[in-house]
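Hello,

Here is the structure I promised to pass on to you. Please open it alongside this message, and then read on for what I found.

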Amino acid sequence: QLIGLAAELKRALLHRLFTQGLCGDPPKQTEIGPVPKSWEVVKLQDICSLISGGTPSKQKPEFWSGLIPWVSPKDMKKPRLSDVVDHISEAALEDGSSLAPSGAIFVVIRGMILAKDIPVALAEVPMAFNQDMKAIIPGSRVEPSFLLYALVACKEFLFQKVGRSAHGTMTLMSSELAQLAIPLPDKGTQRKVAEALETVERKHEQHQRTHAALTALFRTLL
């Protein structure tokens with residue numbers, strides 16, 4: 001019940017902050033719906049840069065025994081990533097992947113998961129990543145944590161841009177992602193909005209960890 005309540009609180013807070021701001025600003029109608037009157041609406045490509053990833057050769061085991069986290073869609077199950085399952089070496093990075101800096105936002109752009117969700121996550125440390133994802137590098141006008149929540153708030157518009165490739169795979173084109181419009185307040189407001197949402201997010205994760213621990217204890221007792 002606590003997990004459900006925390007998730008619902010996050011959804012409600014996200015909607016309120018991105019439509020009314022911190023102080024109940026009167027909303028204005030935009031191409032992405034109502035946003036606080038004092039906020040701008042900007043294209044992602046105007047405030048960020050996008051980079052592509054890749055997969056080093058699987059035929060070289062030494063490529064897969066390094067210390068660099070390598071992100072793939074299977075890791076995109078939580079909003080912040082500090083480590084992942086796979087790791088590669090420096091040589092592997094030069095062979096066929098890209099390194100995204102800390103603060104980059106990963107978005108899954110290819111795969112059947114796009115039929116029901118568009119996973120988004122923030123890199124808390126530098127990470128390499130595969131070709132089924134894009135890394136969005138925030139520019140000087142946007143805070144990474146705010147950008148994470150702005151993308152979550154605008155997922156319905158991202159869904160509208162998802163299509164099918166010739167092979168039937170669900171795909172979000174890089175050009176469509178770059179053209180996505182998001183709301184953007186001043187940086188002080190960005191930080192406060194991100195802090196409020198992260199507080200609820202951390203509480204939600206705490207409840208999930210407690211549930212997992214209690215479930216494990218129950219199984220042990222059985």
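This is a predicted model: local features need pLDDT of at least 70, side-chain atom pairs count only at pLDDT 80 or more; totals for chains, interfaces and linings use all residues.

Residues are numbered from 1 along each chain as its sequence is written, and side-chain values use heavy atoms, with hydrogens and water left out.

**H1 and H7**

Helices here are DSSP runs of H or I with at least four residues, numbered from the N terminus. H1 covers residues 2–20, and H7 covers residues 187–221. Their axes (lines fitted to C-alpha atoms over the stretch in contact, with angles from 0 to 180 degrees between N-to-C directions) are 9 Å apart, at an angle of about 165 degrees. That makes H1 roughly antiparallel to H7 (the term applies over 145 degrees). The crossing is left-handed, meaning that the near helix is turned anticlockwise from the far one by less than a right angle.

The contact (heavy atoms within 4.5 Å) involves residues of H1 including Leu2, Ile3, Leu13, Leu17 and Phe18, and residues of H7 including Val193, Leu197, Val200, His204 and His211. By class, this contact has 13 nonpolar, 4 polar and 2 charged residues. For the classes, Ala, Val, Leu, Ile, Met, Phe, Trp, Tyr, Cys and Pro count as nonpolar, Asp, Glu, Lys and Arg as charged, and the others, Gly among them, as polar.

**H4 against both**

H4 (residues 144–153) comes within 8 Å of H7, axis to axis, and the two cross at roughly 70 degrees. H4 and H7 are therefore roughly perpendicular to each other, a term that covers 65 to 115 degrees. This crossing, too, is left-handed. Ser145, Phe146 and Tyr149 of H4 meet Gln190, Val193, Ala194, Leu197, Glu198 and Glu201 of H7. The contact of H4 with H7 has 5 nonpolar, 2 polar and 2 charged residues.

H4 also packs on H1, with an angle of about 100 degrees and axes 10 Å apart. H1 and H4 are therefore roughly perpendicular as well. Lys10, Leu14 and Phe18 of H1 make this contact with Phe146, Tyr149, Ala150, Val152 and Ala153 of H4. Its residues divide into 7 nonpolar, no polar and 1 charged.

How much of H4 is buried? The helix is mostly covered, with 7 of its 10 residues buried (under 20% relative accessible area, with a 1.4 Å probe and protein chains only). Phe146 and Tyr149 are among them.

**Two residues to look at**

Thr19 sits in H1 and counts as buried because its relative accessibility is 11%. A polar atom of the Thr19 side chain lies 2.7 Å from the backbone oxygen of His15. Leaving aside neighbours within four places in sequence, Thr19 is in contact with Asp25, Pro27, Pro34, Val35 and Pro36. Trp39 is 20 residues from Thr19 in sequence, and their C-alpha atoms are 9.8 Å apart.

Lys155 belongs to H5 (residues 155–159). At 17% relative accessibility, Lys155 counts as buried. Not counting residues up to four places away in sequence, Lys155 touches Asp117, Ile118 and Val120.

Best wishes

Definitions and conventions: Buried means under 20% relative accessible area, exposed over 50%, partly exposed in between (1.4 Å probe, protein chains only). A polar contact is a pair of N or O atoms within 3.5 Å; within protein, one must be able to donate a hydrogen and the other to accept it, and residues adjacent in sequence count only if both atoms are side-chain atoms. Angles under 35 degrees count as roughly parallel, over 145 as roughly antiparallel, 65 to 115 as roughly perpendicular and the rest as oblique.
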